[in-house]
Amino acid sequence: MATSPAAPRPKPSLLTTLFSRPLPLYLSAFLLRLILLLYGLWQDANSPLKYTDIDYLVFTDAARFVSRGESPYARETYRYTPILAWLLLPTTWTAGAQWGPLAAKVINTAWFSFGKVLFAAADLVAGWLIERVLVIGTNSPSSSQGKEKEAEAETETEGGGAATTTTTGMDPSRARAFAAIWLLNPMVATISTRGSSEGLLGVLVMALLWAVLSRRITLTGLLLGFSVHFKIYPFIYAPAIVWWMDQERLSGVRGGGGGGGGGQKTLFQKITSFLTLPRLNLAITSLTTFLSLNFLMYALYGHTFLQETYLHHVTRIDHRHNFSPYNTQLYWSSASVSSSSSPGLKIESLAFLPQLLLSTILIPLCLAKKDLPTSLLAQTFAFVTFNKVCTSQYFLWYMVFLPLYLPRSSFLRTKRMGLAALGLWVLGQGLWLQQGFELEFLGRSTFLHGLWMASLVFFVVNCWILGVIVGDGGR
């Protein structure tokens, strides 16, 4: 009896091919950034509207001062750790006369673009770390000992015990599909190739989360201390990480509520049970790293380092390119002759209160033990939304967490909600940018009504998105 030929297998789709192996995805991400880098060189040379971010000129000017043996803070508006200027020292290198004028111009342009290449490469490393975090999962123990305890816990559960453990590791190809939200994101690639250093923060923050989930406590402390020194805001992650690090989670087994043993604990017992060795190790390591770096920079650059890197942010009144509802108030403060000398607290100093209450206390307490990556996303989203200065670069601070949150999010489960959130988020920025264009390019005063109302619309949209994220994390 003749057998019918087997039906031909359907060819894999382009997306399936893109995510099936690491090379296609990371090569695509690399080419995207290369194209933008080359386009940026063309636009800078041919257009009055420059592609390169003004911050990159600040970074490279600071590096030039360092190359001469001077302080990076000799460059006005340099508000960053000296380490950033040190990293960009190659941007000050130039070609010798023996290369000829054309070759020397190409070489000098390449060296000046070193920082952009570094930041773009950091994007790729951050994307790889996102993939690793998705693969290891948010609850799975990293060591074989932890996995053995997990198996024992599952056995006890099947036999009527109370201990339970969940593993949320993802298939590598699916993990790469979600990592592509960062790697192939044109906004992320554009900001880095324009010369913004946020890609370095993406690497540090993702490495920090990977170290936490891998139960590498000393490495976590080192990364946390260095991250806070490099850019202040990662300090908001410390409460969530500490709250997440209970003894059951670090051992790989999460205790249930049905076990016996012991009645109501006293306050002293609760404190002593909270102060575990891993938590003390994290506190000591992170503080030692942070303080050591700051003492070194203070020894090199004195009080100017403290003022420009940290203290400036308490009273800063930047209003340009600022999506925050505080924008108009900061403009009035900067324009007031008496604002610098008037006594009492000012809005720029009080603005931290709701921001820190949400991002360092309320959200970590509600979410950290349930879903640490979602907690970090919600904390960062709240920190940026309620910050008195909110620029496009800051959006990357929370966008790096989106691939970790979206697989279980309401925005992905309910497509209409996801599209509505994305549309409103983009529309809110568009409204603000239209008002900003009229102000900066057409010379029309749009501060009081148009710009401030656009800021409020964008703020309300972000608050709604934040509420959905918190609700998802709390489930």
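Is R194 buried, partly exposed or exposed? R194 counts as partly exposed, because its relative accessibility is 29%; buried means under 20% relative accessible area, exposed over 50%, and partly exposed in between (1.4 Å probe, protein chains only). The views below come from a predicted model, in which local features need pLDDT of at least 70 and side-chain atom pairs count only at pLDDT 80 or more, while totals for chains, interfaces and linings use all residues. Residues are numbered from 1 along each chain as its sequence is written, and side-chain values use heavy atoms, with hydrogens and water left out.

**View 1. A salt bridge joins R194 and D53.** The two side chains meet at 3.9 Å, N to O; a salt bridge is a side-chain nitrogen of Lys or Arg within 4 Å of a carboxyl oxygen of Asp or Glu. R194 lies in the loop between helix 9 (186–193) and helix 10 (198–213), and D53 in the loop between helix 2 and helix 3 (54–67), so the pair ties together parts that are 141 residues apart in sequence. Helices (H or I, at least four residues) are DSSP runs, numbered from the N terminus. D53 counts as buried, because its relative accessibility is 8%. A search of the whole structure finds 10 salt bridges.

**View 2. E131 and R176 form a salt bridge.** The closest N and O atoms of this pair are 3.1 Å apart.

**View 3. The side chains of D246 and K369 meet in a salt bridge.** The N to O distance is 2.9 Å. This pair links distant parts of the chain, 123 residues apart: D246 is in the loop between helix 12 (237–244) and helix 13 (247–251), and K369 is in the loop between helix 19 (352–367) and helix 20 (372–385). D246 counts as buried, because its relative accessibility is 14%, whereas K369 is partly exposed, with a relative accessible area of 24%.

**View 4. A nonpolar patch lies on the surface.** The patch is formed by L23, L27, F30, L31, L34, I35, L38 and L41, which together have about 720 Å² of accessible area. Patches are made of residues with over 30% relative accessible area and no salt bridge; like charges are joined within 9 Å, and nonpolar side chains (Val, Leu, Ile, Met, Phe, Trp, Tyr) within 5 Å. Accessible areas come from the Shrake-Rupley method with a 1.4 Å probe; for residues, only the protein chains shown count as cover. L27 lies in helix 2 and counts as partly exposed, because its relative accessibility is 41%.

**View 5. T77 and R215 have positive phi values.** Most residues other than glycine have a negative phi. T77, which is not a glycine, has a phi of about 70°, and the phi of R215 is near 60°. T77 is found in the loop between helix 3 and helix 4 (82–87), and R215 in the loop between helix 10 and helix 11 (217–230). T77 counts as partly exposed at 41% relative accessibility, whereas R215 counts as buried at 15%.

Key:
Helix = DSSP H or I, 4+ residues; strand = E, 2+ residues; numbered from the N terminus.
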